[in-house]
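Student: I should like to work through the side-chain contacts and the fold elements of this protein. May we begin once the structure is shown?

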Amino acid sequence: MTPRQLFLRHQAQTSDFPLLLEIERAEGVYMYAPDGRRYLDLISGIGVSNVGHRHPRVLAGIQAQLDKYLHLMVYGELVQAVPARLAAAIHQTLPAHLDSVYFTNSGTEAIEGALKLAKRHTGRTGLVSCLNAYHGSTHGALSITGSEGFKNSFRPLLPDVQHIRHNELADLALITEHTAAVIIETVQGEAGVRVPGPEYLPALRARCTEVGALLILDEIQCGYGRTGSMWAFEQFGIEPDILVCAKGMGGGMPIGAFIASTEVMSGFKTNPILGHCTTFGGHPVSCAAALATLQIIQDEQLAQGVAAKAARFRAQLRHPAIRAVRGCGLLMAVEFESFAVLKPIIDYALEHEGILTDWFLFCDNSLRLAPPLIITDAEIDEACAALLRAISHVTGH
């Protein structure tokens, strides 16, 4: 049987219409089919391949660790050099109080750990998140996700969860002394790239401090240079109590983390002991890839180049069918009239132009643009020209 047949017969499916694009290899911003056809990846595996596919330094880091050891012991028991160095390197990019890093296998696992930690530290049960937020698919993460359509088939979920409107100052009054934590994407992703106004996050930070609630920033999608700074919160003049990251941190390998102060994180040590456990979190091979990724972003100054690249996209993506272009750095949404207009554009771009794009879970009239941060000016020009051809073909303009 072919890989396609095996995929359809034996691999669990999450929709009745998988993309079914078979890829044999990938490098840089391109993916290649078995017949050699090349696809320009404009979504980075949904925010994962920030340093491109198979960056040589990521591969070298992986190989060096493979030559030493793989899994040895459950998280946090043995001293392993690479995870320890990665934790220290991440801390160096953050405010001083965020000095304790707990590694997980994925973003949704990091969210689960952050929620537990907030409840443990505050002794409270209330959680507040935003409408149209996306934080993952496990039960706790799903509970705080702000879309009823995604949740209704899986109830009961966590109790004591309240949703507020994103970027609405009036709703901050709903955060009270009962609230353990407010969790928010610094820049909303699956809502279609919604960037908060300059007053909102400082007011949210102040309200959390006032009532003693922890502020959890979800930078799973918008962190690691994606928005033009190492962390998106740097652009808004605030600091979180807990930071969550994943996706772009592993250079293509599975890893996530939640980060807090040593004081807050110490809540997992007692009552009960081993208050949060993971077998494979902090896997040395994934940590080796993540350490290389962080060093690449810093050494190649990838975050510093984001603004100019985003501006180049914006300057070229002009068409009567485009209603708006929203974004924060290289996390962008190109808005059309409806999904009925957008979907044929996505399909044509893939089939006829070799351009891989997508839409957003909670904003299906907008095209997702989140290319690898290494994308060149020439590749941006290639992508924009192809997208404009696809738009013109579908809309007739």
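Student: Which side chain meets that of Glu-353 in a salt bridge?

Tutor: The model is a predicted one. In it, the N to O distance of the pair is 2.8 Å, and the cut-off for a salt bridge is 4 Å. The partner of Glu-353 is Arg-389.

Student: Which helices does the pair of Glu-353 and Arg-389 tie together?

Tutor: The two residues are 36 residues apart in sequence.

Student: By how much of a helical turn are Asp-347 and Lys-343 separated?

Tutor: These residues form a salt bridge, with their closest N and O atoms 2.9 Å apart. Residues three or four places apart on an α-helix point the same way, because a turn takes 3.6 residues. Asp-347 and Lys-343 are 4 residues apart in helix 12 (residues 339-353), so their separation is about one helical turn.

Student: Is Asp-299, the salt-bridge partner of Arg-57, buried or exposed?

Tutor: The closest N and O atoms of Arg-57 and Asp-299 are 2.9 Å apart. Arg-57 lies in helix 3 and Asp-299 in helix 10, so the pair ties together parts 242 residues apart in sequence. Arg-57 is partly exposed at 32% relative accessible area. Asp-299 has 53%, and the term for over 50% is exposed.

Student: How far apart are the end C-alpha atoms of helix 10?

Tutor: Helix 10 (residues 284-299) has 16 residues, of which 13 are buried. At 1.5 Å a residue, it should span 22 Å. The distance between its end C-alpha atoms agrees with this, being 22 Å.

Student: Which strands are the edge strands of the open sheet?

Tutor: The sheet has 4 strands in the order 11-12-15-14, with antiparallel pairing. An edge strand pairs on one side only. The edge strands are therefore strand 11 (324-328) and strand 14 (358-360).

Student: Which residue of strand 15 stands opposite Asp-358?

Tutor: Strand 14 and strand 15 (residues 363-369) run antiparallel and are joined by 2 bridges. The residue that stands opposite Asp-358 is Arg-368.

Student: What is the area of the nonpolar surface patch that includes Leu-72?

Tutor: Leu-72 is in the loop between helix 3 (56-66) and helix 4 (81-91), and it counts as partly exposed at 43% relative accessibility. Together with Met-73, Val-74 and Leu-78, Leu-72 makes a patch of about 320 Å².

Key
Residues numbered from 1 in each chain as written. Predicted model: local features only at pLDDT ≥ 70, side-chain atom pairs only at ≥ 80, totals over all residues. Heavy atoms only, no water. Patch = residues over 30% accessible without salt bridge, like charges linked within 9 Å, V, L, I, M, F, W, Y side chains within 5 Å. Areas by Shrake-Rupley, 256 points an atom, 1.4 Å probe, with all protein chains shown as cover. Buried < 20%, exposed > 50% of the residue type's maximum accessible area, 1.4 Å probe, protein only. Expected span 1.5 Å × (residues − 1).
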